[in-house]
Amino acid sequence: MSDKFEKNLRDHLHSEAQETREFPRRLRGRIRDGIAPRARGRMAPQLALAGALVLVAVAVLAVRNPTIISVVTTNIKQILQPSPSPTPQPFLCQDQSGGSTGLTATLTNIRPGSHTGDGYDRVVFDFSGGIPSWDLTRQESATFTRDASGQQVTLDGSAGLKLVFRDADLASTVPTDLKRQFTSVREIAQLGNFERVLTYGIGLSSSQCVRVLPLSNPSRLAVDVATSGSASTTAAPTPLPTLSPSGTDLGTFSCLDTSGGAESGLAMQLTAVRVAHQPGFDRVVFEFAPQAGGTAHLPAYTVSRQASAQFVKDPSGMPVTMRGAAGLRIVFHGASGASSYSGSRDLTPGLPVVQEVEQLGDFEAVLSWGAGLSRASCLRTLELANPTRLVIDVQTP
Amino acid sequence: MLMDPTLGRVIERWRAGDRDAFEEVIDRYGLQLLRTARLILRDPSLAEDAIQETFLKAWQRIGSLRDEDPGPWLTRIAMNESISLYRRRHRFQALTERFGRLGGTRHELSSEARLDLTHALDQLTAEQRAAVALHYYQDLSVEDTARVLKVPEDTMKSRLKTALRRLRELTGSEEAFA
């Protein structure tokens, strides 16, 4: 009796835990901000102490020489008067992120507008279903890399913003390229729409600070680009990153084995395996569908790195050598492709790093695949829904 | 617990102030810690706050990590943060309820009501939920659970027993799963 209760409790806790499907990017951003080199705002205690010491020193001087008071008050006025009053929503000269994960959001429109009189140009991204997770990156040129093709595209302007939405669909009516001759915003162009990751580039006349406002009813994300250096900022301008060929906007690559997913209920059915190169990484996608009566979930998986492209088939134990000099072994528990997957079980895409992807086993709901790599590389995994997918990005040189 | 060499190198880079290494540690442990905190706090936003504080403290206190797997160390910090956050929230709720403002959402349980496990877990104390989460979700032994929560092993056995008894009472024991 007790064992049954405890088993149910254990299952329930795992089920509750799986509701948190991923580590939120906004949380990662908050942590990243927290460990960043100390900014001016965090110096408040030290500044207060320094101020107190100055006051004590002035008091001592005033006792000895009363004329010092007029000098000090004049100087204090000079310090205080020029300070602009802070605005509630300041422009920030740094990368930003936000939004919510786990939404079924669709981008329905993009609306640029000029508010030069108020000191900014605005680009509004309209959504249905809430505002998905987003990342905004500033860059020092208006040249971007398209997500799927890797082609370079240069927008109007001399600086840029890259905006990435995750877990977001795209309505067919959304324009792919908008040109405007605003003070700051010159062009907005779609850079990618792949695996529910939407990427947009915004060409700017010059590097400017940005304010991002998530708004509701209807859901929309307003990106305000300052039109002059007078916009209120809370941080000194940070150095702009150079355009990185790695294009790693979807999370950090890790040189560690990784795991995730959940083994629960009926086994998931493998329906597709796709391999493609994108700027900075080769992507391997495993797509799953639930059985009749089952619920969609990503099966428990492990992705293990290895120093050779030699694998052992499961359950035969037969050795198999793939192309390449290193490898990845991907094992799903609670998954099978025996009756659902009709594609090739030995893919040889010949990408920069991923040379071969081959099924190693499909037995008793344990599904194993291997990937032969041209070199040992770091990884990034993404767990995506609708349809259920495990995306493995293998970093390329 | 001994570290694998790869993780050891990551920790060494972290000790040297390498933020990328620290992010690799977040990649490795963050999701499970967040899930555990959510089981204890019963609130996604509070759980994120607890885990944010956990990693910020970990970053600052890397010097106190011995040559060991950082998992149990991070779990210990996360549990402390989760429980203390829950206590602060609980104290605030008690005050506001006393003064008749901002009434809390605490579940009023009728004597005959039988709750599902989700609501039954809501009724446990944060310390009990932490014990249950570590033992039944993270699959830590009673000994390891006691070590993480810094209580004697016998106290942990008693705490788990009490928590289970309470959950059985609230759910109608095994019948709820029949």
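Predicted model: local features only at pLDDT ≥ 70, side-chain atom pairs only at ≥ 80, totals over all residues.

**Exercise 1.** Over the ring of which residue does the charged end of Arg211(A) sit?

*Solution.* The ring is that of Tyr120(A), and the charged end of Arg211(A) is 4.8 Å from its centre.

**Exercise 2.** Classify the pair formed by Phe23(A) and Phe55(B), and state what it joins.

*Solution.* Step 1: by the pairing rule, 14 aromatic pairs are counted over all chains. Step 2: the ring centres of Phe23(A) and Phe55(B) lie 6.3 Å apart with planes at 85 degrees, so this pair is edge-to-face; the cut-off for that class is over 60 degrees. Step 3: Phe23(A) belongs to the loop between helices H1 (2-18) and H2 (25-35) of chain A, while Phe55(B) belongs to helix H3 (residues 44-60) of chain B, so the pair joins two chains. Step 4: both Phe23(A) and Phe55(B) are buried.

**Exercise 3.** Classify the pair formed by Phe253(A) and Phe281(A), and locate its partners.

*Solution.* Step 1: the centres of the two rings, Phe253(A) and Phe281(A), are 6.3 Å apart and their planes are at 45 degrees, so the pair is tilted. Step 2: Phe253(A) is in the loop between strands S13 (220-226) and S14 (258-260) of chain A, and Phe281(A) is in strand S16 (residues 281-289) of chain A, so the pair ties together parts 28 residues apart in sequence. Step 3: Phe253(A) and Phe281(A) are both buried. Step 4: the charged end of Arg380(A) sits over the ring of Phe281(A), 4.8 Å from its centre.

**Exercise 4.** Which residues form one aromatic cluster with Phe23(A) and Phe55(B)?

*Solution.* The cluster also contains Trp14(B), Phe22(B), Trp59(B) and Trp73(B).

How values were computed
Residues numbered from 1 in each chain as written. Chains lettered and ligands numbered in written order. Heavy atoms only, no water. Phe/Tyr/Trp six-rings, centres within 6.5 Å; stacked < 30°, edge-to-face > 60°. Helix = DSSP H or I, 4+ residues; strand = E, 2+ residues; numbered from the N terminus. Buried < 20%, exposed > 50% of the residue type's maximum accessible area, 1.4 Å probe, protein only. Lys NZ or Arg CZ within 6 Å of the ring centre and 35° of its normal.
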